[in-house]
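I opened this model to see how the chain is put together. My entries follow in the order in which I looked things up.

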Amino acid sequence: MSSGGGSSVSFAGFLARRLLSGALVLFVVVSLTFLAMRFAPGNPFTTERAIPEAVLHQLQARYNLAGTRGEQYFNYLGSLAHGDLGPSIRYKNRTVGEILAQSLPVSMAIGACAFVIAMTAGIALGSFAAVRHNQAGDRGAMLLSLLGISLPSFVLAPLAILLFGVGLRWFPVAGWGGPRELILPSVCLALPFAASVARLMRTSLLDVLQQDYVRTARAKGVAEGRVVYVHALKVAILPVLAYAGPLAANLMTGSLVVEQIFAIPGIGPFFVNSVLNLDIFLVGGVVLVYSFLLVLFNIVVDVLCAMLDKRIRNT
């Protein structure tokens with residue numbers, strides 16, 4: 001009973017430390033983003049043409065950008081504390097929350113499909129290569145992964161459009177609306193990451209297969225499939241899970257290149273335009289969402305790793 005209670009307390013403390021560190025990271029990222037945008041050269045209201053000083057003051061007051069940088073910063077934090085991400089300066093009569101509500105689900109849908117493809121294909125390919133170490137299957141799998149890493153999305157996407165969209169006409173070449181428009185962008189976004197997962201999985205599984213407990217299981221006559229996919233894989237997958245956190249955040253916030261090539265109304269084009277036009281609140285909102293997802297998925301990964309390996313709870 002005492003060991004079980006101690007384990008629960010240890011896990012609760014582990015989770016509390018991760019949540020506190022995640023909150024601190026979000027605070028620092030939001031603060032640095034806002035201050036960096038406010039101290040950047042230029043003015044969000046005078047990027048195209050000069051305007052009268054009186055009009056400029058009215059605009060600054062309207063968007064809570066009047067006063068000192070410190071006053072603006074604390075006003076911004078106060079708005080965030082009440083769940084208000086602020087209005088968009090670039091897109092008139094629209095709030096940052098409305099823009100994110102429109103574009104983020106699109107990017108996350110593509111990213112979620114790409115994440116499933118990358119993790120499933122990467123783990124399968126890496127495991128396949130590891131159990132066939134130095135054989136033809138291993139070399140072929142690593143050649144595929146090298147090809148996937150070497151082809152970035154801005155090269156892979158046009159090639160996929162030419163082959164599967166224009167040539168074979170299996171998928172639409174652009175647009176958004178149904179499941180068929182989701183497949184090609186998701187695959188193009190996932191393949192380079194699937195190659196990275198495959199190489200990471202192969203290296204980790206090869207290392208675990210050399211451990212003493214694996215050799216002992218083989219010596220006792222345990223079936224090779226059970227040794228690999230039950231005993232070894234549970235430990236070998238830990239580095240992949242650690243990589244999955246930032247990978248999920250990266251994919252689910254979308255890819256600018258893929259969204260531009262396939263004309264997808266995701267968060268990427270809004271983010272680029274907001275940076276170019278010094279749209280402080282939209283930049284801050286996008287960065288906050290991205291950082292929140294990054295922290296969230298890393299905490300989830302940490303919890304999963306701690307469940308698989310109890311030693312991690314004490315770190």
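I began with Arg202, which is buried, with a relative accessible area of 16%. Buried means under 20% relative accessible area, exposed over 50%, and partly exposed in between, using a 1.4 Å probe and protein chains only. Before going on I noted that this is a predicted model, in which local features need pLDDT of at least 70, side-chain atom pairs count only at pLDDT 80 or more, and totals for chains, interfaces and linings use all residues. Residues are numbered from 1 along each chain as its sequence is written, and side-chain values use heavy atoms, with hydrogens and water left out.

I looked up which residue forms a salt bridge with Arg202 and found Asp138, the closest N and O atoms being 2.8 Å apart. A salt bridge here is a side-chain nitrogen of Lys or Arg within 4 Å of a carboxyl oxygen of Asp or Glu. Asp138 sits in helix 5 (residues 136–150) and Arg202 in helix 7, so the pair ties together parts that are 64 residues apart in sequence. Asp138 is buried as well, at a relative accessible area of 3%. I counted one salt bridge in the structure.

I listed 13 helices and zero strands for the protein chain. Helices (H or I, at least four residues) and strands (E, at least two) are DSSP runs, numbered from the N terminus. The C-alpha atoms fill a box of roughly 85 × 65 × 30 Å along the principal axes. Of the 315 residues in the chain, 41% are buried. Among contacts with a separation of 6 or more, 76% come from residues 24 or more positions apart; contact means heavy atoms within 4.5 Å.

I took helix 4 (residues 96–131) and helix 7 (residues 179–208), which pack at an angle of about 35° with their axes 6 Å apart. The axes are lines fitted to C-alpha atoms, for helices over the stretch in contact, and angles run from 0 to 180 degrees between N-to-C directions. The residues of this contact divide into 24 nonpolar, five polar and one charged. Ala, Val, Leu, Ile, Met, Phe, Trp, Tyr, Cys and Pro count as nonpolar, Asp, Glu, Lys and Arg as charged, and the others, Gly among them, as polar.

I found zero disulfides, a disulfide being a pair of cysteine sulfur atoms within 2.5 Å. Cys188 is buried at 2% relative accessibility, whereas Cys113 is partly exposed at 28%.

I placed Gly285 in helix 13 (residues 280–308). At 1% relative accessibility, Gly285 is buried. Leaving out residues up to four places away in sequence, Gly285 touches Tyr76, Val96 and Leu100. From Gly285 to Pro265, 20 residues apart along the chain, the C-alpha atoms are separated by 17 Å.

I noted Asn134, with phi near 65°, in the loop between helix 4 and helix 5. Asn134 is exposed at 51% relative accessibility. Ala263 has a positive phi of about 55° although it is not a glycine. I found Ala263 in the loop between helix 11 (256–261) and helix 12 (267–276), partly exposed at 48%.
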